[in-house]
Amino acid sequence: EMITLETAKKLKEAGFPQKNKEYYYYQSYNNKDIAWLSHHSLQDKCDAIEVYRDGLYDEPIKLYAVPTLEELLAEMPDTIGNIYKFHLIKLSDKYITTYLDKNFNAWKFEYESQRTDPSEAVANLWLKLKQEGLVK
């Protein structure tokens, strides 16, 4: 599964890398038409994240990267404070992303994100870490 458009927008706003991702949400000039795009369908593979013309209008087309779970995991710090390690845990119908010490004690519960989709869980934890200045 993929992250939602809302989460993709939050990631972009927070500075999550946008270039060279496998998928993007495309938002047209009127901010209403949303579609998926594969990076293969973009002429320059998103070297320019804001496309300047859509062929019909002079308004910019907005693209929001939709990182895969693997791309999200690559941006997560392995450890925080050299003690707490990143964990993605599946419990029945939800995923928990958190940092645990070697005794499996959570670092801070506010960094725990519970979602039914692993990509959403990782993305939301990344956003919380970014807010705290723990990722670049």
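The questions and answers below walk through one predicted model.

Residues are numbered from 1 along each chain as its sequence is written. In this predicted model, local features need pLDDT of at least 70, side-chain atom pairs count only at pLDDT 80 or more, and totals for chains, interfaces and linings use all residues, while side-chain values use heavy atoms, with hydrogens and water left out.

User: How many helices and strands does the protein have, and in what order do the elements run?
Analyst: Helices (H or I, at least four residues) and strands (E, at least two) are DSSP runs, numbered from the N terminus. The protein has 3 helices and 7 strands. From the N terminus on, the order is α-β-β-β-α-β-β-β-β-α.

User: What percentage of the residues is buried?
Analyst: Buried means under 20% relative accessible area, exposed means over 50%, and partly exposed is in between (1.4 Å probe, protein chains only). The protein has 136 residues. Its buried share is 38%.

User: Which residues of H1 are buried, and what arc do they fall within?
Analyst: The buried residues of H1 are Leu-5, Thr-7, Ala-8 and Leu-11. They line one face of the helix, because seen down its axis they fall within an arc (taken from the directions from the helix axis to the C-beta atoms) of 160 degrees.

User: Which residue just after H1 takes a positive phi?
Analyst: The phi angle there is about 100 degrees. The residue is Gly-15.

User: How are the rings of Phe-16 and Trp-126 arranged: stacked or edge-to-face?
Analyst: Rings of Phe, Tyr and Trp (its six-membered ring) pair if their centres lie within 6.5 Å; planes under 30 degrees apart count as stacked, over 60 as edge-to-face and the rest as tilted. The whole structure holds 2 aromatic pairs. In one of them, the ring centres of Phe-16 and Trp-126 are 5.0 Å apart and the planes stand at 85 degrees, so the pair is edge-to-face.

User: How far apart in sequence are the parts that this pair ties together?
Analyst: Phe-16 is buried, and Trp-126 is buried too. Phe-16 lies in the loop between helix H1 (5-14) and strand S1 (23-27), whereas Trp-126 lies in helix H3. The pair therefore ties together parts that are apart by 110 residues.

User: Which residue lies over the face of Tyr-64?
Analyst: A charge sits over a ring if NZ of Lys or CZ of Arg is within 6 Å of the ring centre and within 35 degrees of the ring normal. Here the distance from the ring centre is 5.0 Å. The residue is Lys-12.

User: Is Asp-117 buried or exposed, and which residues is Asp-117 in contact with?
Analyst: Asp-117 lies in the loop between strand S7 (113-115) and helix H3 (118-131). Its relative accessibility is 5%, so Asp-117 counts as buried. Contact means heavy atoms within 4.5 Å. Leaving aside neighbours within four places in sequence, Asp-117 is in contact with Glu-1, Met-2 and Tyr-95.

User: How far is the backbone nitrogen of Glu-120 from a polar atom of the side chain of Asp-117?
Analyst: One end is in the backbone of Glu-120, and the other is in the side chain of Asp-117. The distance is 3.1 Å.

User: What is the strand order of the open sheet, and which strands stand at the edges?
Analyst: Two strands pair if DSSP finds at least two bridges between them. The open sheet has 4 strands in the order S4-S5-S6-S7, with antiparallel pairing. Each edge strand has a single partner, so one side of each is left without a neighbour in the sheet; these strands are S4 and S7.

User: How many bridges join S5 to S6?
Analyst: Strands of a sheet pair through backbone hydrogen bonds, either parallel or antiparallel. S5 and S6 run antiparallel. The number of bridges joining them is 7.

User: What is the phi of Asn-82, and is Asn-82 buried or exposed?
Analyst: Asn-82 is found in the loop between strand S4 (79-80) and strand S5 (84-91). Although Asn-82 is not a glycine, its phi is positive, at about 55 degrees. With 73% relative accessibility, Asn-82 counts as exposed.

Notes:
Polar contact = N/O pair within 3.5 Å; in protein donor to acceptor, adjacent residues only side chain to side chain.
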